[in-house]
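Visitor: Could you walk me through reading a few features here?
Guide: Gladly; let us look together.

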Amino acid sequence: MRLVAPETVTFTESGFCPGCGHGLAVRLIAEVMEEMGLSEKLLTIVDVACGSLNIDSWRFDTIMAAHGRPIATAVGVKKVRPENPVMAYIGDGAAYSIGLAETMHTALRNDNVVTVVINNSLYGMTGGQCAPTSLPGQITTSTPRGKDTKKAGMPFRVEEAFTGFDIAYLARGSMADARGMIQSKKYLQKAFEKHMNGEGFCLVELLSACPTNLNITPVKSVERIKNDMIPYFPLGEFKDKKEEE
Amino acid sequence: MAKVLLKGNEALAEAALAAGCRFYSGYPITPQTEILEYLSWRMEDVGGEFIQAESELAGINMVLGAAAAGARALTTSSGPGFSLKQEGISYLVAADLPAVIVDVMRIGTGLGDISQGQGDYWQLTRGGGHGDYRTLVLAPDSVQENADMMAEAFDLAEKYRHPVLIASDAAIGQMIEAVEIPEFIEHDIDKFDWTIKGCKKGTEQRKIQNIYYTHPDYETYLADKYAEMEEQEQRYENIQVEDAELVLVAYGISSRVCREAVEAARAEGLKLGLIRPVTLWPFPVKAFEEAKAAKAFLTVEMNILGQMVDDVKLATCGKYPVDHYGSIFEIPEYDGIIEKAKEMLKKGEV
């Protein structure tokens, strides 16, 4: 792990809570961009939720798009500027709930954009409501008696829904510890390599901590990723088109 | 360029390309689908990008991305689909982004039906999405104007960094007329510094977001922007308004019938005139200065509620009777309009 963050990480007005995973994801992306020589080219599209704060966290040209629509917006950007790397950075609510149609049809078309999904198992910006990724029994502000899977279903697993599509890359990493971070960075790097090769849709999901909305300490929040989230959200690469061929 | 016979929708699509539009994303809905179908092959011919989006929501948000990246971007829809685009239009306005959105109006509320209508006037002119905004709205009355307004719409959108709407309707979109497509112009996606293109080290990062967060003088900036649009961009056509006792006010397909009504009425000695708003917003208040002999005003619109009546009352400071001649199942007939005009004048309403 590097000790000094890339100069594209600015955090001029970062509003992330202590222990939040977004800052880690920003750093990983910035490192990958620097190492690949793409820092001056990356165009990013963030969602309106917590990830929107990244517009002030990194020094990449950035659009703050409507909730659930960053992937569609990214497709529009990429078509106009095919030479630039284009990344949508969104939460699990945007990717798998309100924006699921956009996620799915971008995958169906295998549009050449990178999507980074920060999965913290809840709606962060609005104060911790139940998400499609919330765990069975999870206490949230909209499931105060625990998520009832008979009513709300089991956690949404992107690999179950998307591996049937003809996409370039699909992986899930964890940001719970150094090992997870190193692995996650490799996934991001691979996604951007495939993206720059024009191979198509790449989605990397990163399991992230949200101590504020879970009302637990930052330390407990990362332990929860390892103990509670990973059993439902296994880590690894689920689609790697070139290796399959 | 020589005149060719084209459907209104096709002329609009070809003229968009002539205006330098190289990005389109939309979703099929009658009666605008020919625009999408035409661009599905023609856009490729000119080296642009066409996407049949999974929904109007995706379509308008792809347009937002393309506009932020510097392209002249277009999306088109009708009624129910146009409603779905409203959130995106609100976001375009909020982020100071230029784009052109066409509503080929159909009749009715909810699903309504696929025939021509003018029921989206309020939605078009009041800011159909959430928040505190309006957009410039151009209303073509012919296939030729469908073509001529595309370049103007993109120019205005860029001038103000604001989306521009085109209020077409099923009749204008579906009719075939002789049309001259304007000359093709080149659009440079790097024309403006504010478009996202990659942030060089040591330079300022470009942020496309609600300018509410960043503009140092947001209230004044917006107030001035809308005031300038209202002052500078009123467009209208006045037909025999100066000596008219009763002035019709109509746009789009209804205005074409009103031209006939004016001519026929004058042949029998009834002094009718016509104000045709070419911009629906800003409403052409200036057009009414010429109506010096007017005793009353009559809007002719393909809706039931007379959606333009309030704007005419405001434009005339409430000094005159303003009534509405509505027809929703068929395009209004000119003799019905004349009859209504006579009734208004006879009743002593005036």
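Visitor: Is Asp96(B) buried or exposed?
Guide: This is a predicted model, where local features need pLDDT of at least 70, side-chain atom pairs count only at pLDDT 80 or more, and totals for chains, interfaces and linings use all residues. Residues are numbered from 1 along each chain as its sequence is written, chains are lettered from A and ligands numbered from 1 in the order in which they are written, and side-chain values use heavy atoms, leaving out hydrogens and water. Buried means under 20% relative accessible area, exposed over 50%, and partly exposed in between (1.4 Å probe, protein chains only). Asp96(B) is buried, with a relative accessible area of 5%.

Visitor: Which residue forms a salt bridge with Asp96(B)?
Guide: Side chains of opposite charge can pair when their charged atoms come close. A salt bridge needs a side-chain nitrogen of Lys or Arg within 4 Å of a carboxyl oxygen of Asp or Glu. For Asp96(B) the partner is Lys225(B), with the closest N and O atoms 2.7 Å apart. Asp96(B) sits in the loop between H5 and E5 of chain B and Lys225(B) in helix H9 of chain B, 129 residues apart. Helices (H or I, at least four residues) and strands (E, at least two) are DSSP runs, numbered from the N terminus. Lys225(B) also counts as buried, at 5% relative accessibility.

Visitor: Where do Glu145(B) and Arg276(B) lie?
Guide: Glu145(B) is in helix H7 (residues 143-160) of chain B and Arg276(B) in strand E12 (residues 272-277) of chain B, so their pair ties together parts 131 residues apart in sequence. Their side chains meet in a salt bridge (2.7 Å, N to O), and both residues are buried.
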